Each structure stands twice: as C-alpha cells, then as structure tokens.
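Keep the structure in view as you read.

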Amino acid sequence: MSGELRIERVVTAGVFELDGGTWDVDNNVWLVGDDDEVVVVDAAHDEKTITEAVGGRDVVAIVCTHGHNDHVTVAPRLSENLHAPAVLHPGDQKLWEMTHPGRRFRPTEDKARIAVAGTELEVIHTPGHSPGSICLHLPEAKALFSGDTLFSGGPGATGRSFSDFPTIISSIRERLFVLPEDTKVHTGHGDHTTIGTEAPHLAEWIARGH
C-alpha cells in the first residue's frame, strides 16, 4: 500500500423515500483509504460520481450505515462494477428490500472490523434511526462515520417507520459519547462535528424529544 491514510467526502443529491413521502436530500459519501485501496461508506444516489472518486483503487467494501434508500441507492451496482461486497447490518433487511428486493448484501455485526490501508474500521451497532443503523470508528484518525445516527445539533430523525427515539438516545449515550471528545464525526448529511461538541447537549435533546 502507498500514500497516507485519508478521508474524502463526496456529496451526491437525490430523493429519500419512506412512508409514502419523498424529500430531496444531499448525502455525504465517505471514502476511507490510501492510494491503493478504499472503503466506500454509503452508496447514495449517483454511481458515476462515486466511481470517479474511487478512481483506480481497489474497493474493499461498500458499507451502508443503514438501509434507507438514500444510503443504499446504488449499492448493488457499485458492488458489481467495483467487485466489492455491499455490507449492511441485517437489522435493516426490511428497509433494504424496499429498494433492492431480492438482492443480497453481506451482513455485518457489532464490533466487526473492516481492514483497509493498513488500519481497521470498527463497526458500532447504533439502532434507533433504524434497527440496523451502524457507525464506523477509525481510532487511528480520531474519526467516526455516524450515518444518520448523530448530526451536528442532535440525533437522527425517529419519526418514521422502523425508528425509535429512546433507542437512538441510548445508542448515542452508550456507544458514541464514550468515545474520545476530539473524535471528529463525519455525518451522513451536512457538516461534521465532534463528540465533545455534541455530548453536553444530550439532556436538551431528550427534553425536546424527536
């Protein structure tokens, strides 16, 4: 392997659909790796844009932080064309089937590790936004890829099917806020934040509810 470990963001635009509603959204797609190999975090909307960002690198895995359509939009096509498994927690099987009925993914689980570029991403199961939501922790880079579990300003939405507010609060409190305060949080939408920035506000989020 060559080059330093780096984190790259690609922003794609499309539509989130659930419970009969549709919303225009911009998604963050994260590439974690070096000059030779990379993990793609989320497969949102636009296969061409993601493939161009990958370049000629080997793709170790396409890891979906959860099964909502805007995070798995092009996962099967990327999997085929980049010769890499689409990875998802099986708790989101039902959501995956809404977008990709009959298509397979590689299941992952809490504390699983994904090796890339001489380091490892650790899977943290953080249900709440969806049953199979996961975050990816990269201690070497003091980085967390939070999907839609944690954002700048609060937890992910829990007002739709398969989501639960007390569960996401527990996931954030018990699984994420135990990480070092200087951990940079790379979110599924919008701007980054840090664990230390968000942790003091947990009681406010609980008070306001979902």
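The lining of the largest cavity has 2 nonpolar, 6 polar and 1 charged residues. This is a predicted model. A probe the size of a water molecule, rolled over the atoms, shows where empty space is left.

**The cavity**
- The structure holds 1 cavity of 30 Å³ or more.
- The largest cavity has a volume of about 40 Å³.
- Leu 18, His 68 and His 129 are among the residues that line the largest cavity.
- The lining also includes Ala 157, Thr 158, Gly 159, Arg 160, Ser 161 and Ser 163.

**The largest pocket**
- The largest pocket has a volume of about 160 Å³.
- Its lining is made of 13 residues.
- Of these, Phe 16, Val 25, Asp 148, Arg 160 and His 189 lie nearest the centre of the pocket.
- By class, the lining of this pocket has 5 nonpolar, 4 polar and 4 charged residues.
- Strand E2 gives the most to the lining of the largest pocket, with 3 residues.
- Arg 160 lines the largest cavity, and Arg 160 is also among the residues nearest the centre of the largest pocket.

**The nonpolar cores**
- The largest nonpolar core has 22 residues.
- Which of its residues touch the most other members? They are Val 40, Val 54, Val 59, Ile 62, Ala 75, Leu 78 and Trp 96.
- The strands that give two or more residues to this core are E2 (21-33), E3 (37-41), E4 (58-63) and E5 (86-88).
- The helices that do so are H1 (47-54) and H3 (75-82).
- H3 gives the largest share of this core, 3 residues.
- Look at Ile 62: leaving aside neighbours within four places in sequence, its contacts include Val 40, Ala 75 and Leu 78.
- Ile 62 is also in contact with Ala 43, Ser 79, Ala 84, Pro 85, Ala 86 and Val 87.
- A second, separate core has 18 residues, including Ala 61, Ala 112, Ala 117 and Leu 121.

**His 71**
- His 71 sits in helix H2 (residues 69-72).
- Is His 71 buried or exposed? His 71 counts as buried because its relative accessible area is 0%, and buried means under 20%.
- Leaving aside neighbours within four places in sequence, His 71 is in contact with Asn 27, Asp 42, Ala 43, Ala 44 and Cys 64, among others.
- Further contacts of His 71 include Thr 65, His 66, Asp 148, Gly 188 and His 189.
- Asp 148 and His 189 are in contact with His 71, and both are among the residues nearest the centre of the largest pocket.

Key
Residues are numbered from 1 along each chain as its sequence is written. This is a predicted model: local features need pLDDT of at least 70, side-chain atom pairs count only at pLDDT 80 or more; totals for chains, interfaces and linings use all residues. Side-chain values use heavy atoms; hydrogens and water are left out. On a 1 Å grid over the protein atoms alone, a cavity is a set of points where a 1.4 Å probe fits but cannot get out, and a pocket is an open set with protein on both sides within 12 Å along at least five of seven lines; lining residues have an atom within 4 Å of a point. Grid points are joined across faces, edges and corners, and a volume is the space filled by probe spheres set on the points. Ala, Val, Leu, Ile, Met, Phe, Trp, Tyr, Cys and Pro count as nonpolar, Asp, Glu, Lys and Arg as charged, and the others, Gly among them, as polar. A nonpolar core is a set of buried Ala, Val, Leu, Ile, Met, Phe, Trp, Tyr and Cys residues joined through side-chain atoms within 4.5 Å. Buried means under 20% relative accessible area, exposed over 50%, partly exposed in between (1.4 Å probe, protein chains only). Helices (H or I, at least four residues) and strands (E, at least two) are DSSP runs, numbered from the N terminus. Contact means heavy atoms within 4.5 Å.
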